[in-house]
Amino acid sequence: MNDKILLYIGLMALITYLTRFPMLLFSSRWDIPAWLKRGLAMVPVGVFSSMTIPTILFHAPGGSWNPEYLGAGLVSLGVGLWKKQIVWALFAGVVTIALWRQVVQWM
C-alpha cells in the first residue's frame with residue numbers, strides 16, 4: 001500500500017468537512033425556510049436517480065437493455081416506493097445484482 005494513500009484520504013476528509021462546516025454552522029443558528037427544507041429533502045432522490053437511471057437504460061451498447069440492471073432497477077424502484085427510504089432501495093438493487101450474478105454463474 002502506498003504511504004501517500006492515507007495522506008490523500010485524510011486530506012479528502014478534511015476538505016469534505018471544511019466544505020460542509022459553514023452550512024452546518026449556519027443551519028444550527030438560523031431557521032431554514034420550509035420550502036428550502038422540502039427542496040433539500042429531495043436531493044438524495046435526485047442524486048440516486050441520476051446515478052441509476054442512465055445505467056439502467058443505456059448500459060448495453062446498441063440500445064438494448066441489460067436484464068440484470070433492468071431487474072435490479074425494478075426491484076429497487078419497488079422497494080423505494082414501498083419503504084420510502086433511499087438506503088433500502090439502494091440495498092435491494094445491490095442485493096438483486098449480486099444474486100443475479102450468482103444465479104447466472106451457477107447455471
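This is a predicted model: local features need pLDDT of at least 70, side-chain atom pairs count only at pLDDT 80 or more; totals for chains, interfaces and linings use all residues.
Colleague: Why is E68 called buried?

Modeller: Buried means under 20% relative accessible area, and E68 has 12% relative accessibility, so E68 counts as buried.

Colleague: What makes the contact of R101 and E68 a salt bridge?

Modeller: The cut-off asks for a side-chain nitrogen of Lys or Arg within 4 Å of a carboxyl oxygen of Asp or Glu; the side chains of R101 and E68 meet at 2.4 Å, N to O, therefore the pair qualifies as a salt bridge. The pair links distant parts of the chain, with R101 in helix α5 and E68 in helix α4, 33 residues apart, and a search of the whole structure finds one salt bridge.

Colleague: How do you know that the span of helix α4 agrees with what it should be?

Modeller: Helix α4 covers residues 67-83, and at 1.5 Å a residue its 17 residues should span 24 Å; because its end C-alpha atoms are 24 Å apart, the span agrees.

Colleague: What makes you say that the buried residues of α4 line one face of the helix?

Modeller: The buried residues of α4 are E68, Y69, A72, G73, S76 and V79. Seen down the axis of α4, these buried residues fall within an arc of 135°, so they line one face. They pack against α3 (43-57) and α5 (86-106), whereas the face of α4 turned away from the buried side carries the exposed residues L74, L77, L81 and W82.

Methods. Residues are numbered from 1 along each chain as its sequence is written. Side-chain values use heavy atoms; hydrogens and water are left out. Helices (H or I, at least four residues) and strands (E, at least two) are DSSP runs, numbered from the N terminus. The expected span of a helix is 1.5 Å times one less than its number of residues. Buried means under 20% relative accessible area, exposed over 50%, partly exposed in between (1.4 Å probe, protein chains only). The arc is that of the directions from the helix axis to the C-beta atoms. Contact means heavy atoms within 4.5 Å.
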